[in-house]
Amino acid sequence: MGTAAIIVAAGRGTRVGGPVAKQWRDLGGRSVARRAIDAFRAVGDIAPIVVVLAADDLGTAPALGDDVEIVIGGGTRAESVRAGLESLEGRGVETVLIHDVARPLVPAAVIGRVRAALEQADGAAPALTVSDALWYGTARVTGTRDRTGLWRAQTPQGFRFAPILAAHRAHDGTAPDDVAVARAAGLEVAIVTGDEANLKITTEADFARAEKELRGDMDVRTGTGFDVHAFAEGDYVMLCGVKVPHDRTLKGHSDADVGLHAVTDAIYGALADGDIGRHFPPSDPKWKGAASHVFLTHAAGRAAERGYRLSNVDCTLVCERPKIGPHAAAMAGEIARLVKVAPERVSVKATTSETLGFTGREEGIAALATVTLVAP
């Protein structure tokens, strides 16, 4: 299994205030918790992602995605982390990254630095040097402190799995973070360079900072796809992953799913990564009759590998028959399942060409698609 991630989200976030805990508040169109999880999803080879929730938050779990595992946390952060660690025992996990949900904008580079450091150390954590002068006092300054050698700790804090599990089992549960637990057990923890973008949301002002960070660094790409297939003898058509009864079928090297082909090419286009023919040449006999979901999941995987999240899909089918309306919701749901987004982010609709052209003469079906990719 290699590396697993534990996202600790069992706190109440009382310092921020408001009717819901901070991890469930919206941040640029996604909850804080979802953004933290997506940051680790984007890395591509971290599995599973374990989210530690309070029991009262179980109702929100489906919004986090069906690829995460849910563990109920304890009364303290240390207890919650231990619950997450215990859930991974015996599953082949070699290293674990423990991350606070309140840091939703952790860059992939920070995650990478922590993982690289674990090749040489039992533990590693990102941090930033303290550059400001440090004072003691309340209303008035009563003293100063030398900032030499001081660091501002961040997460994820990474560890080799067996030592950190043993450290948590032996600890009294009062540590402020996992580095403290590790050091109490005699583990050495390497410091790697953190990032100012990896801010922790603690107050209302931090939400404004996070929104500004998102606007400044977001990479948005749009791609379009177009495909057409002619009719042949048959009794059904595959459209957007759904088998639709019809008095004809669509002719092609694969299963000729014109809708999935258009969406696939739109993703490749947004990535400037060629088209289906480049990745799955029709001259290669192994793709003869292939299910088109293979192409779409490959394109979505390429996007995820490069740190992009699929924000939305819009697919239009052009045909006189079959009627698309009765199947549109199922088609959107299937695309959403394949590319791992919420169904409300996928639109499938249809139009006719008013009996004009090859679609009007019912010689085939055309599809157009547009997708938007976002790298937070």
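Are phenylalanine 280 and phenylalanine 295 buried or exposed? I looked, and both are buried (under 20% relative accessible area; exposed is over 50%, partly exposed in between, with a 1.4 Å probe and protein chains only).

Note on the model: it is predicted, so I keep in mind that local features need pLDDT of at least 70, side-chain atom pairs count only at pLDDT 80 or more, and totals for chains, interfaces and linings use all residues. Residues are numbered from 1 along each chain as its sequence is written, and side-chain values use heavy atoms, with hydrogens and water left out.

Next I looked up ring pairs. Rings of Phe, Tyr and Trp (its six-membered ring) pair if their centres lie within 6.5 Å; planes under 30 degrees apart are stacked, over 60 edge-to-face, the rest tilted. I got 3 aromatic pairs that way. Phenylalanine 280 and phenylalanine 295 have ring centres 4.6 Å apart and planes at 45°, so I call this pair tilted. Phenylalanine 280 sits in the loop between helix 8 (276–279) and helix 9 (293–305), while phenylalanine 295 is in helix 9, 15 residues apart (helices are DSSP runs of H or I, at least four residues, numbered from the N terminus).

Then I found tryptophan 287 paired edge-to-face with phenylalanine 295, at 6.4 Å between centres and 75° between planes. Tryptophan 287 counts as buried at 18% relative accessibility, and phenylalanine 295 has 3%. Phe280, Trp287 and Phe295 make one aromatic cluster.

Last, charges over rings (NZ of Lys or CZ of Arg within 6 Å of the ring centre and within 35 degrees of the ring normal). Arginine 25 lies over phenylalanine 207, 4.0 Å from the ring centre. For lysine 243 over tyrosine 236, I noted 4.4 Å.

How values were computed. Helices (H or I, at least four residues) and strands (E, at least two) are DSSP runs, numbered from the N terminus.
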